[in-house]
Every structure is written in C-alpha cells, then in structure tokens.
Amino acid sequence: MNTEGVDGETRFFERVMAAGRREWPVLLIALAATALAFYHPAWAIAGLVVVVAAIVLRIVVAEAPESTQIPVISSARPETAVTDHVSALDLAAAVPDPLIIFDATSALSYANDAARRAFGPLQEGMPMLLKYRAPEMQELLSSVIGSSDGPRRVEYVERVPVDASYLVTAGSIGAGSGLFFLLFKDQSEARRIDRMRADFIANASHEMRTPLASISGFVETLRGPAKDDPAARERFLKIMQEQTGRMSRLIDDLLSLSRLEMKSHGKPAEPVDVRSVVQSVIDTLKPLAKDLSVAIHTDFPAGDLLVSGDRDELFQVFENLVENACKYGQTGGRVDVSISSQGEGGQQQIRVAIRDFGPGIPEEHIPRLTERFYRVDVQSSRAQKGTGLGLSIVKHILTRHDGRLSIKSEVGQGAEFTVILPARQVA
Ligand code: ADP
C-alpha cells in the first residue's frame with residue numbers, strides 16, 4: 001500500500017489548517033473587504049490595501065532572523081510553542097533532573113521543580129555565582145559564560161540540606177538566546193554503592209590478612225626457634241590448621257554472597273517443604289548442639305508448610321540461625337524452634353522462629369546485624385568461628401524469596417530470630 005501519498009495529503013491538509021489558525025486576522029480582514037466591496041468599490045480598494053499590508057507585515061515578521069527575537073524564559077512570559085500542544089516550559093518542567101537556566105550575568109531565568117526540590121527557593125534574577133560558591137561550580141559557570149565551546153561537566157557535592165553528589169553539565173542554549181543551562185545528574189546512589197564496595201573490599205582483605213599473618217608468623221617460628229621442639233610444633237600446626245579453616249570459611253561465605261548477587265534477577269520457585277528443611281538443619285546441627293550442651297526443642301504444626309524457593313538456600317538460612325542460637329545463646333542451654341502458618345493482609349505466611357536464652361543483643365546493634373562483617377563482639381564471633389557474613393547471607397536469600405527477617409532481643413533474656421516467608425499459593 002502506498003502510505004506516502006496518504007501521509008503527504010494529510011500533512012498538506014494539516015498545514016492548510018495550521019496556516020488558517022495562524023493567519024485568522026488576515027482572513028477576517030479579507031472577508032470583511034469582500035463583503036464591503038458589494039456596497040462600494042472604494043471599500044474594496046481600501047480592504048485590498050489593508051490585506052496586502054497585513055500579508056507583507058506577516059511575511060516580514062515570519063522571515064525575521066531568529067537572532068533578533070531573544071527569548072526570555074520566565075514563568076510569567078507567554079510560552080514558546082515546541083508543538084501545538086507543548087511549550088518549552090512544559091519540556092523543561094518535565095525534565096526529571098534539576099534544570100536551571102541563567103543569563104550572561106549568571107542571573108536565574110528559570111528553574112524547574114526538580115531544581116527547587118533539590119536546592120530550595122530559587123528566585124528569578126538570583127545570581128548563580130552566589131548560589132553555587134564551591135570552586136568547581138564557580139569555575140564551571142565562569143567558563144561557560146565566557147566561551148562559546150560545547151557543554152562542560154564537573155562533579156559537585158551539595159552538603160545542605162542533605163549530602164548529595166551531582167554530575168553537573170553546563171552549556172549555552174545557543175540560538176542567539178544569550179541564555180545558559182545547568183543540568184544536575186544525581187549520583188548519590190552510585191557514590192554510596194562505590195563506597196560500600198570499597199568498604200567491603202577493605203573488610204574482606206582485612207579478614208583474610210589476619211589468618212594469613214598468623215600462619216606466616218608460625219611458619220617462621222617453626223623454621224627458627226621452634227625447629228627442634230616437637231610439642232611447640234604440634235601446638236603451632238594446630239593453630240595454623242584452625243587459621244586455614246577460618247580462611248576457607250570466609251572464602252565460602254564470600255562466594256555464597258557473590259553467587260547470590262549474580263542470581264539476584266531470577267526468583268527461585270520450586271515447592272519447598274519448610275518443616276522438612278528445618279528438621280534436616282536440626283539433624284545436621286545435633287552434634288554441635290551436643291558439644292555446646294544446648295538442647296533443641298521443636299514445635300511444628302501439622303499440615304502443609306510449603307513455600308516457593310530454593311531448598312539449598314533455605315537450608316543455609318535456617319542453618320545460620322540455629323547455629324548462631326546454639327553458639328551465641330550457649331549459656332541458655334536451650335534453643336526453641338517453632339513453625340507457624342498465619343494469614344496477614346490476605347496472604348498466608350509461614351513463620352519460623354528460632355529462640356535462644358543466651359545473653360541477648362543490645363538494642364542499638366539489632367538494625368545493623370545483617371550488614372556485611374558487622375559483629376556485636378568481634379572476639380566472640382572469631383572464637384565461635386564466625387565470619388560476620390552469616391546474617392548478611394540470610395538477608396540476601398530471604399529477599400530473593402520475598403521473605404524477611406525479624407529480630408527481637410532483650411539483654412539478658414536471649415534473642416528471637418523469625419523468618420517470615422509467603423506460603424506457596426495453591427493453584
Ligand atoms: P558470625 O559469623 O559472626 O556469626 P553473623 O552475621 O551470623 O556472623 O552474626 C553477626 C553477629 O550477630 C554475630 O557476630 C553476633 O555478634 C550477633 N548474633 C547473631 N546471632 C546471635 C544470637 N542468637 N545471640 C546473640 N548475638 C547474636
């Protein structure tokens with residue numbers, strides 16, 4: 001089918017309609033002149049003169065070079081049309097990032113809503129050189145106003161009202177407007193992730209270096225002073241073995257975290273029986289509980305306790321929590337593991353609560369427990385062969401399962417960690 005012809009006709013028709021809308025005063029005068037010509041030919045001549053004058057005037061205005069029409073952008077001025085329905089101001093307001101337009105004296109002509117939200121009150125005429133006093137912004141503004149080169153960029157950190165990091169682009173709007181723009185791209189989130197990554201690498205390296213330093217120290221001692229001391233050799237080799245164990249636990253946990261991060265896009269969806277997973281965790285940890293003189297009590301309801309997920313990952317969640325309860329709550333001598341199923345907001349939930357009767361956790365630490373390498377007491381965690389990554393792995397896995405972890409504790413009363421998972425919907 002030949003769509004070109006149809007499009008061409010449509011466009012021609014649209015152009016005629018648009019010209020009609022634009023030129024309506026001229027058409028009106030032409031109509032009036034034609035009507036008056038019926039009464040007296042002199043009226044027709046006068047009418048024709050007016051029509052010709054009007055047409056010439058319209059042509060002159062339309063053909064005038066753009067540079068002679070200096071647009072001044074302000075909320076009070078009539079809007080410049082981008083299309084029949086969209087003005088330049090509509091466009092600027094729709095930009096989601098802070099956008100500021102200023103003139104060659106750096107006085108503000110326009111600021112969109114995003115700019116006002118980010119930088120507070122911005123009045124027309126306010127000098128941008130006074131508003132943004134940071135050296136990098138001063139340099140950016142001066143260099144843009146003073147040159148006709150393309151846009152320039154700088155990184156800028158705004159401290160008030162909150163810390164925010166921006167990539168700021170500034171340039172001339174051109175078209176003889178004499179106006180310039182500042183566009184702020186918020187990079188705070190990217191910076192925060194960079195900082196977290198750097199902290200994580202620093203922490204992981206520190207955790208690795210400690211056992212490595214210990215192993216290397218003992219190797220030196222064994223080659224030197226303890227060379228011919230079988231008892232010392234035995235003792236040192238045992239410590240070295242413990243340290244290698246610590247390193248390999250750390251590497252296992254780091255790999256777990258990195259695998260979970262790589263899988264973060266898809267959601268695990270196998271049917272998993274929570275009761276059977278929790279029971280096998282308890283069976284696996286029985287020897288540890290026995291060594292620590294901790295008795296594990298269970299309270300599981302009858303009936304279906306199915307969730308959608310990955311059995312191995314859920315095993316890791318409950319293993320971490322029951323192991324922590326046995327290790328850190330050892331003094332209580334008892335750990336209770338209970339499962340319940342209940343509805344909340346139309347959604348059935350399965351809750352697994354792991355309760356210990358140990359020393360508990362001071363309130364201020366509770367919100368930070370799932371951070372990587374966060375430990376209430378580093379020495380006690382190391383003594384318990386902890387890496388400080390267990391609860392962070394738990395949180396990651398639960399997020400993948402649309403679940404969450406609730407922690408309640410009172411010092412001296414023990415702690416309760418509850419896993420809440422959405423029950424599998426029966427089709
Ligand atoms: P770790 O490898 O050190 O055990 P986790 O991420 O599993 O790391 O736990 C973080 C910290 O939370 C632990 O070092 C410990 O201080 C605290 N913690 C976890 N579970 C308990 C608990 N049941 N009772 C008291 N403190 C706990």
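Tutor: What follows goes from the overall fold to the pocket, the cavities and a few residues, all in a predicted model.

Student: How many helices and strands does the protein have?

Tutor: There are 13 helices and 12 strands. The protein has 427 residues, and 34% of them count as buried.

Student: And the contacts, how many link residues 24 or more positions apart?

Tutor: Taking contacts with a separation of 6 or more, 59% are between residues 24 or more positions apart.

Student: What is the lining of the largest pocket by class?

Tutor: It splits into 16 nonpolar, 15 polar and 11 charged residues.

Student: Tell me about H11, then. What length does it reach, against what is expected?

Tutor: Helix H11 runs over residues 311–328, which is 18 residues. From first C-alpha to last it reaches 25 Å, close to the 26 Å expected at 1.5 Å a residue.

Student: Which residues of H11 are buried?

Tutor: Among them are Glu313, Leu314, Phe315, Asn320, Asn324 and Lys327. Of these, Asn320, Asn324 and Lys327 are also named among the residues closest to the centre of the largest pocket.

Student: What caps the N-terminal end of H11?

Tutor: Asp310 does, with a side-chain oxygen 2.9 Å from the backbone nitrogen of Asp312. Asp310 is also touched by His401.

Student: Where is His401 found?

Tutor: In the loop between helix H13 (390–400) and strand S11 (404–410).

Student: Why does His401 count as buried?

Tutor: Because its relative accessibility is 4%, and the cut-off for buried is under 20%. Setting aside residues up to four places away in sequence, His401 touches Pro268, Ser308, Gly309, Asp310, Glu313, Leu314, Leu421 and Pro422. Glu313 and Leu314 in that list are buried residues of H11.

Student: Back to Gly386. Where is its place, and is it buried or exposed?

Tutor: Gly386 is in the loop between helix H12 (378–383) and H13. Gly386 is buried because its relative accessible area is 13%, again under 20%.

Student: What is Gly386 in contact with, beyond its neighbours in sequence?

Tutor: Leaving out neighbours within four places, Lys327, Arg375 and Ser381. As for Asn324, Gly386 is 62 residues away from it in sequence and 9.0 Å away in space, C-alpha to C-alpha.

Student: Now the cavities. How many of 30 Å³ or more turn up?

Tutor: The search of the whole structure finds 2.

Student: Which residues line the largest cavity?

Tutor: Glu207, Pro211, Arg246, Leu250, Gly386 and Thr387. Helix H8 (188–223) and helix H9 (230–262) each supply at least two residues of that lining. By class, the lining has 2 nonpolar, 2 polar and 2 charged residues.

Student: And which line the second largest cavity?

Tutor: Val144, Ser147, Asp149, Gly150, Arg152, Gly171 and Ser172. That lining has 1 nonpolar, 4 polar and 2 charged residues.

Conventions
Residues numbered from 1 in each chain as written. Predicted model: local features only at pLDDT ≥ 70, side-chain atom pairs only at ≥ 80, totals over all residues. Heavy atoms only, no water. 1 Å grid on protein atoms, 1.4 Å probe; cavity = no way out; pocket = protein on both sides within 12 Å on 5 of 7 lines; lining within 4 Å. Points joined across faces, edges and corners; volume = space filled by probe spheres on them. Helix = DSSP H or I, 4+ residues; strand = E, 2+ residues; numbered from the N terminus. Nonpolar A, V, L, I, M, F, W, Y, C, P; charged D, E, K, R; others polar. Expected span 1.5 Å × (residues − 1). Buried < 20%, exposed > 50% of the residue type's maximum accessible area, 1.4 Å probe, protein only. Polar contact = N/O pair within 3.5 Å; in protein donor to acceptor, adjacent residues only side chain to side chain. Contact = heavy atoms within 4.5 Å.
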